[in-house]
2 protein chains.
Amino acid sequence: MKILAIDEQTVPLAAPMRNASVAYDTMTASALAVVTDCVMNGERVVGYAFDSIGRYGKGGLLRDRFIPRLLAASPGALLDARGLIDPDAAVAALMENEKDGGHGERPGAVGLIDAALWDLRAKLEARPLWRVLAERAGRRAPGQAHAFDVYGSCGHFRPGRGTAELDGLAREVQAARSAGFSTIKIKLGGSNIDDDLARTRVALAAAEGARVAVDVNGKLDAAIESAWLQAMARLDVAWVEEPASPLDFLRLSKIAAGTPLPLATGENLFSLDDARNLLRYGGLRPDRDLIQIDISLSYGVGEYLHILAEFEAAGWKRAAFVPHAGHLFAAQAVAGLGLGMHESASDVSLPFGGLWDGAAIATGRAAACEAPGVGFELKNSLFQWLKPLVTRDRDSASVASINAG
Amino acid sequence: MKILAIDEQTVPLAAPMRNASVAYDTMTASALAVVTDCVMNGERVVGYAFDSIGRYGKGGLLRDRFIPRLLAASPGALLDARGLIDPDAAVAALMENEKDGGHGERPGAVGLIDAALWDLRAKLEARPLWRVLAERAGRRAPGQAHAFDVYGSCGHFRPGRGTAELDGLAREVQAARSAGFSTIKIKLGGSNIDDDLARTRVALAAAEGARVAVDVNGKLDAAIESAWLQAMARLDVAWVEEPASPLDFLRLSKIAAGTPLPLATGENLFSLDDARNLLRYGGLRPDRDLIQIDISLSYGVGEYLHILAEFEAAGWKRAAFVPHAGHLFAAQAVAGLGLGMHESASDVSLPFGGLWDGAAIATGRAAACEAPGVGFELKNSLFQWLKPLVTRDRDSASVASINAG
């Protein structure tokens, strides 16, 4: 097997919503296709990946550094003993001559390539990715249909909504409840207790018995922190997400020492180095807190397995791991690695919302997809961003010009 | 004043050398020019910046995200009360809708723009940058000629050198000594005590009384750590640089607790968030250790002043701050902010080596440059990378097409 080309495209998301930290009007994400010389069932085998949302597309780094580096690697160095593409070996090649530290955009560019190579590998094995990942992690994959837990993510701020903001929030939560979610996460501002209580009460009423989690995206005002956390504890929210800025482990540890509420964090830590510091200094509690490291924003599956191993050695369970992302690759990882829950944007009309087309959620669980790979081809609104990446003629004679393009 | 265009170019460095962490064969850096509508003494006023070396150019992020964002900002929002460009306001505009955490490439892209805007501002004030920075930091700048401490950085591994490696090392250290440096830093491997002792002894002999510091670039093998540090202590090296991986604060704190030698680190931490964690958890000692945060890889001067303030509040002196970088902007910052020492690549033939052309170093000190701005125009081998960025016609009618280009 040989990689003929790696094509990427920056996708503008332009979503009219915001959380306590950023607006999404100008947000972008990267779509990636790894095109091979393999043909299966008459079709070119292509590995796809689509970015996590919130930290912008990785186009510049992919084009300037990582795609050229992977294409320059000896093809044999990227294969395992069976002759299949080996994403871990590819990540090692991508990280050659990269200094330690500084885990920002780089882990996302590398993780996106890792994700596409896992899609590719699972397709070459004609197996769903979750089964391949279970094997990679040394887990026994169920022989039969397999289900995994999901939660619904919604309730962003919609700047145009004005006085109808709370009605809109209620409709989003109701829709998530109707779709089958039994845990639903909403966004709060973190700067005004009354506003946040009003949003949470509206969500709890609309959730009709489903749990409601709240996310302040690192922007909980220190001046109201204590009263805010007590108020949220009285409402018995499922968890409080990012109560502290992502690298402020001292503040996080103080919050954890002072509230019975589960805390969730980690979506803005992108490496084993940073996850280890969260473990060492964050004061989180293995019996209740949730770790939300985003696999594909953090160098991919190999790095994530190292993170799991460090936490497990410190007494944590995989059930505490709930990766940020919301996309199909993360769902495969949750199913295959036996993680706690998958985050799913509950608006299935979004390209990055929901699961595979027609996938049903019942009492907070979804069935793992049995199609080969990640199953991007089974989500039409997302696949429309990926399919156009693969249009050019891909005979091997054209490799050089593609690589230079 | 209005910014007409911001042009960047990725410069291949292709230096045939390596340290314990990376090779420089494929290393790149970014050159940046901020072109304004101002004309002084018949010349277009342009702010320049040139990257620090070691973490690759920032071209993709500059083109995809940060240059468009700055050009889209209202020109008035980038000026201070005197109508001069305000780099702090520009950094705030650049960081809009950027999430917390993940300080990797982004701080370098933002810091590069910050650096060019400081060059621009100092030129508009017709003052050398160090005087402008002293004012920004609330320091009294000397009225007369001002000198600052420097150390020479050399002694990389040269893969082609073979058995002549130690002779070459000796020649580099001798040349640095002859150039006037009284402290000279060399690279060690960190994996073999005998090899590292041999290199250090050769450097000490060649240094003829100058101090020798040693840098393992985060790659000191834990299995030999204790014996290696004892051996270096017996040789009385000036400091040991990056004995631990940059984010492994626990290991660093154990090393600091076990050696009398000064330690230096921080060049791979790129934010106040990460510097604060170094301060909280790294176990470093204000009476001897050195902090090497790279100003322009870490969001620029404003962020750096916050870092200084946090350390000073914890009992640190500015003399402990020795920024990584080796370039002219860093020299201006060392002189203007009253920092401990400037790192200077002792091979002045390198575009990023030495100081301004003809600048003399005597007993480890250099005179601050009195030309307006950073003084890039006074270092020919570097300015050849910057000057070609500004060639196109810059009447304001062409702004739209330049911005789109």
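The buried residues of α9 of chain B pack against α8 and α9 of chain A together with α8 (249-258) and α10 (301-313) of chain B. The structure is a predicted model, in which local features need pLDDT of at least 70, side-chain atom pairs count only at pLDDT 80 or more, and totals for chains, interfaces and linings use all residues. Residues are numbered from 1 along each chain as its sequence is written, and chains are lettered from A and ligands numbered from 1 in the order in which they are written. The predictor gives the complex an ipTM of 0.95 and a pTM of 0.95.

**Confidence**

- Chain A has a mean pLDDT of 93, and 97% of its residues reach 70 or more; pLDDT is the predictor's confidence in each residue, from 0 to 100.
- Residues 393-405 of chain A have a pLDDT below 50. Beyond near neighbours in sequence, this stretch has 13 contacts in the model, where a contact means that the C-beta atoms of two residues, placed from the backbone, lie within 7 Å.

**Overall build of chain A**

- Chain A contains 13 helices and twelve strands. Helices (H or I, at least four residues) and strands (E, at least two) are DSSP runs, numbered from the N terminus.
- Its radius of gyration is 21 Å, close to the 22 Å that the globule rule gives for 405 residues, so chain A is as compact as a globular protein of that length. The radius is taken over C-alpha atoms, and the rule is 2.2 Å times the number of residues to the power 0.38.
- Along the principal axes, the C-alpha atoms of chain A fill a box of roughly 65 × 40 × 40 Å.
- Of the 405 residues in chain A, 53% are buried. A residue is buried if 20 or more other C-beta atoms lie within 10 Å of its own, exposed if 12 or fewer, and partly exposed in between, with C-beta atoms placed from the backbone.
- Among contacts in chain A with a separation of 6 or more, 72% are between residues 24 or more positions apart.

**Domains of chain A**

- Chain A is divided into domain 1 (3-127 + 383-404) and domain 2 (147-375); the bounds come from an automatic or database domain assignment.
- The C-alpha centres of the two domains lie 26 Å apart. Their contact takes 32 residues from domain 1 and 36 residues from domain 2.
- On the domain 1 side, β3 (43-50), α2 (87-94) and α3 (106-124) of chain A are the elements that give two or more residues. The largest share, eleven residues, comes from α3(A).
- That side has 17 nonpolar, eight polar and seven charged residues. Ala, Val, Leu, Ile, Met, Phe, Trp, Tyr, Cys and Pro count as nonpolar, Asp, Glu, Lys and Arg as charged, and the others, Gly among them, as polar.

**Chain A with chain B**

- A rotation of 180° with 0.0 Å of shift along its axis superposes chain A on chain B, with an RMSD of 0.0 Å. That is the relation of a two-fold axis. Superposition is by least squares on the C-alpha atoms of residues with pLDDT of at least 70 in both copies.
- The same surface serves both copies, as 100% of the contact residues of chain A recur in chain B.
- The contact takes 38 residues from chain A and 39 residues from chain B.
- On the chain A side, the elements giving two or more residues are α1 (59-72), α8 (249-258) and α9 (272-281). The largest share, six residues, comes from α1(A).
- By class, the chain A side has eleven nonpolar, 15 polar and twelve charged residues.

- Helix α11 (residues 328-337) of chain A has ten of its ten residues buried, so it is largely enclosed by the rest of the structure.
- The cover over the buried residues of α11(A) includes β3, α3, α4 (129-136), β4 (147-153), α10 (301-313) and β10 (342-345) of chain A.
- A:G338 follows α11(A) and has a positive phi, near 70°.
- Helix α9 (residues 272-281) of chain B has seven of its ten residues buried, so it too is largely enclosed by the rest of the structure. The buried residues are B:L272, B:D274, B:A275, B:R276, B:N277, B:L278 and B:L279.
- B:G283, which follows α9(B), has a positive phi near 65°.

**A loop residue in chain B**

- B:L235 is found in the loop between α7 (225-234) and β7 (240-241) of chain B.
- B:L235 is partly exposed, with 15 other C-beta atoms within 10 Å.
- Not counting residues up to four places away in sequence, B:L235 touches B:T200 and B:L204.
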